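Visitor: I'd like to learn how to read a ligand site. Could you walk me through one?

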Amino acid sequence: MGKFNRIGILTGGGDCPGLNSVIRAITKSAINKYDMEVVGFLDGFHGLVEGNYIHLDLKTISGIGYRGGTILGSSNRDDPFNYPSSKDGKEVMIDVSDRAISNLQDLGLDGLIVIGGDGSLHIADQLYEKGVAVVGVPKTIDNDLSATDVTFGFNTAVDTASEALDRLHTTAESHHRVMILEVMGRYAGWIALHAGISGGAHVILIPEIPYKIESIINQVKRRQWHDKKYSIIVVAEGAVALGGEMVVQKLVPQSHDPIRLGGIGNQLALQIEKLVKTETRVTVLGHLQRGGSPIPYDRVLSLRYGVAATEAMVAGQYGTMVSLQGPRIVTVPIKEAIKILKKVDPGSDMVAAARAVGISFGDEDQ
Ligand code: F6P
């Protein structure tokens with residue numbers, strides 16, 4: 001065997017379906033193909049800083065491929081470069097990255113695979129800049145990482161949201177109601193767009209296309225004139241009214257991105273009910289989109305990403321992230337992947353196709 005004897009893995013940021021499948025694929029390929037030892041840090045970067053870890057062997061990872069969550073635990077608030085500590089009885093944020101790096105060295109780890117979204121990959125890149133052999137794996141239900149066609153977990157979230165829309169259809173129709181489904185996605189509308197199209201929504205509201213309430217009302221009324229007495233609206237948590245602002249639910253100060261969005265669905269419901277005099281109900285899908293088993297697409301993608309991450313590590317491609325580009329898994333610099341958020345292009349053929357079948361994005365002129 002070459003240079004690699006031991007590698008570490010961690011899962012950072014919000015969890016998502018497919019994490020266990022990636023852990024399994026990295027561990028199996030590292031052990032079976034390269035006879036390495038694999039260590040898993042617990043609760044994301046928290047475990048790296050505090051030296052909390054477990055040994056991952058073939059027994060530990062047996063049967064986890066189809067299970068949701070992460071056997072390692074995750075955290076979206078333990079940035080080693082901005083880590084909570086106490087000074088004179090007060091909480092202060094300090095840089096403990098050297099402690100994290102010496103933990104890696106003490107464990108004799110030759111490299112670290114970070115499975116995470118933009119926040120975790122940003123930290124991974126900073127560790128790389130400090131000399132750590134890092135490889136990233138793109139995780140997030142939001143699908144907002146550029147330089148990859150798709151992140152694992154996204155398609156499972158879409159599947160969950162789409163099924164929710166199917167279910168809302170039948171009850172909306174029975175009661176002649178407007179049903180609003182609020183989905184996640186942060187500053188990108190990917191989940192809303194895909195789920196809205198596949199779930200037959202009549203209005204899709206995404207951050208990339210600011211909406212006008214009049215336009216939504218018109219769509220609902222237009223349907224009513226055509227004897228369609230119910231309407232389904234899917235709204236991304238980051239959707240904004242033209243000239244308005246995103247609705248923030250809470251702040252998590254220790255998090256890489258402290259803003260937690262949420263609440264737009266309820267705001268819209270109040271406005272719609274008032275303006276069209278039709279009962280309007282809201283379902284906030286929330287973390288149901290992150291829980292549960294990955295669908296087969298994500299199991300396959302996670303496996304490919306995991307094996308590719310082991311290979312990238314062995315090939316010395318540090319500071320890179322594995323990425324799906326067309327039919328192939330390639331590696332790209334982490335810096336490129338986190339430089340800009342991947343957002344829905346309002347001029348894309350997918351948006352045009354949705355419009356062509358009568359779906360409103362809430363931006364049409366009256
Ligand atoms: O980034 C994944 C995500 O699920 C977003 O879609 C959502 O805005 C956020 O995380 C929720 O984070 P938390 O788990 O802190 O509520």
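Visitor: Which residues surround the ligand here?

Guide: Start with the shell, meaning residues with a heavy atom within 4 Å. In this predicted model, the ligand is surrounded by N76, I141, D142, M184, G185, R186, E237, R260, H287 and R290.

Visitor: And how does that shell divide into nonpolar, polar and charged?

Guide: Sort each residue by type and count. You get two nonpolar, three polar and five charged residues.

Visitor: Which side chains have an N or O atom by an oxygen atom of the ligand?

Guide: Look for N or O pairs within 3.5 Å. The side chain of D142 has such an atom 2.6 Å from a ligand oxygen, and for the side chain of E237 the distance is 2.5 Å. Don't skip the backbone: at G185, a backbone N or O atom sits 3.1 Å from an oxygen of the ligand.

Visitor: How much of the ligand does the protein bury?

Guide: Take the area the ligand exposes on its own, then see what the protein covers. Alone, the ligand exposes 390 Å², and 80% of that is buried by the protein. The space the ligand takes is also the largest pocket.

Visitor: Why does the ligand lie between the two domains?

Guide: Check who supplies the shell. The chain splits into domain 1 (6-152 + 292-337) and domain 2 (154-290 + 345-356). Both domains give residues to the shell, so the ligand lies between them. Their centres, taken over C-alpha atoms, are 32 Å apart, and the contact takes 26 residues from domain 1 and 18 residues from domain 2.

How values were computed: Residues numbered from 1 in each chain as written. Predicted model: local features only at pLDDT ≥ 70, side-chain atom pairs only at ≥ 80, totals over all residues. Heavy atoms only, no water. Polar contact = N/O pair within 3.5 Å; in protein donor to acceptor, adjacent residues only side chain to side chain. Areas by Shrake-Rupley, 256 points an atom, 1.4 Å probe, with all protein chains shown as cover. 1 Å grid on protein atoms, 1.4 Å probe; cavity = no way out; pocket = protein on both sides within 12 Å on 5 of 7 lines; lining within 4 Å. Sits in = over half its atoms within 2 Å of the grid points. Nonpolar A, V, L, I, M, F, W, Y, C, P; charged D, E, K, R; others polar. Domains from an automatic or database assignment. Contact = heavy atoms within 4.5 Å.
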